[in-house]
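Good morning, and thank you for making time for this presentation. I would ask you to look at the structure on the screen while I go through its pockets and its helix packing.

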Amino acid sequence: MKACVLRAPAPIETNPLAFADVPAPQPGAGEVLVRVRACGVCRTDLHVVEGELAPRKSPVIPGHQVVGVVESCGAGARRFAPGARVGIAWLHHTDGTCSYCRGGAENLCDNPAFTGYTVDGGYAEYVVAPEDFVYALPEGFADEQAAPLLCAGIIGFRCLRLSGIQAGGRLGFYGFGAAAHVAIQVARHWGVEVYAATRDARHQRLAMELGARWSGGALEAPPAPLDAAIVFAPAGEIVPAALKALRKGGALVLGGIHMSDIPSFPYELLYQERVIRSVANNTRQDGADFLRVAADIPIRTRVHIYPLAEANRALNALKNDAIPGAAVLKC
Ligand SMILES: [Zn+2]
Ligand SMILES: [Zn+2]
């Protein structure tokens, strides 16, 4: 099969992904083999490709927002029939036995596997995944429209939940990429006012088109105190600015898997019971709940399609803020 293979992490400007012929994977017990139709491009893929996340498998095929069709089932796999359209996300597998898994927090599992990082992902014609970690996808979304729901959408949804935002509340978004452009649609559906701080003028415009009350520069102060804020951008210097924008008791949620160092800041920015927390991965319940909400609203993703062979170009564009919405690779 054709796949985009990362042999060694390197700056994306050097085109580190090789479009190569590799053996197609075979489904093991309890797994399904999926023929990929579309795979979303996520900032986490960029962190994997550039080595900000330490390599866990090498070589590796990135990609964890897979929409495809079940081609065949491994021994004992019965949940999906061949031909079923399914989604594969970041959480590839958990042990099911650690204290986190048993406590309903499988996103924090002690022995997790992650799609496109610790196992091969969806920048390829075929990918395998345990059937228990594969999502049935709602109809009504074209393949390329559904792909960004599987990480940008699910993680953004978990961020929204953990922010504690309520109807009528004021919510800040710092960074307005793929995750934010989906999360704003959920927030607006819930009756939340959104304030979008982002450095790129195209992203500011998209935020306003999608119903933001205000948009401005990444470190600019929103015009009203925020009940909660989510930092999607991987830039630690945003954290003090976002804290400054929170009302007393407000929550700041950090949505990324990687962030540059957070500069020191005066305690008074945090005092008055403001809270900072990160979001790590998602549970399968988050995924199922989000996909239901996405179909109900319905969410409309803005996608920019690249051929599978041009994954380097898509990641380059992502790095340079050149994609309003989400990039998607199509097979
Ligand atoms: Zn576990
Ligand atoms: Zn992702």
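I begin with helix 1, which gives the most to the lining of the largest pocket, with five residues. Helices here are DSSP runs of H or I with at least four residues, strands are runs of E with at least two, and both are numbered from the N terminus. The model is predicted, so local features need pLDDT of at least 70 and side-chain atom pairs count only at pLDDT 80 or more, while totals for chains, interfaces and linings use all residues. Residues are numbered from 1 along each chain as its sequence is written, chains are lettered from A and ligands numbered from 1 in the order in which they are written, and side-chain values use heavy atoms, with hydrogens and water left out.

The largest pocket has a volume of about 940 Å³. A pocket, on a 1 Å grid over the protein atoms alone, is an open set of points where a 1.4 Å probe fits, with protein on both sides within 12 Å along at least five of seven lines; lining residues have an atom within 4 Å of a point. The volume is the space filled by probe spheres set on the points, which are joined across faces, edges and corners. Of the 43 lining residues, Arg43, His47, Phe232, Ala233 and Pro234 are the closest to the centre of the largest pocket. Two or more lining residues come from each of helix 1 (43-50), helix 4 (152-163), helix 5 (178-189) and helix 9 (311-319). By class, this lining has 23 nonpolar, 13 polar and seven charged residues. Here Ala, Val, Leu, Ile, Met, Phe, Trp, Tyr, Cys and Pro count as nonpolar, Asp, Glu, Lys and Arg as charged, and the others, Gly among them, as polar.

How do helix 1 and helix 9 pack, and at what angle? Their axes are 10 Å apart, at an angle of about 110°. Helix 1 is therefore roughly perpendicular to helix 9, a term that covers 65 to 115 degrees. The axes are lines fitted to C-alpha atoms over the stretch in contact, and angles run from 0 to 180 degrees between N-to-C directions. On the helix 1 side, Arg43, Asp45, Leu46, Val49 and Glu50 meet Leu315, Leu318 and Lys319 of helix 9, contact being heavy atoms within 4.5 Å. The residues of this contact divide into four nonpolar, no polar and four charged.

Helix 9 is mostly covered, with seven of its nine residues buried, that is, under 20% relative accessible area with a 1.4 Å probe and protein chains only. Leu315 and Leu318 are among these buried residues. The buried residues of helix 9 pack against several elements, including helix 1, strand 1 (2-6) and strand 17 (326-330). After helix 9 comes Asp321, whose phi is positive, near 60°.

I turn now to helix 4. Gly153 is found in this helix and is buried, with a relative accessible area of 2%. Leaving aside residues up to four places away in sequence, Gly153 touches Pro148, Val182 and Phe290. Ile154, also in helix 4, is buried, with a relative accessible area of 0%.

Terms used. Buried < 20%, exposed > 50% of the residue type's maximum accessible area, 1.4 Å probe, protein only. Parallel < 35°, antiparallel > 145°, perpendicular 65-115°, else oblique.
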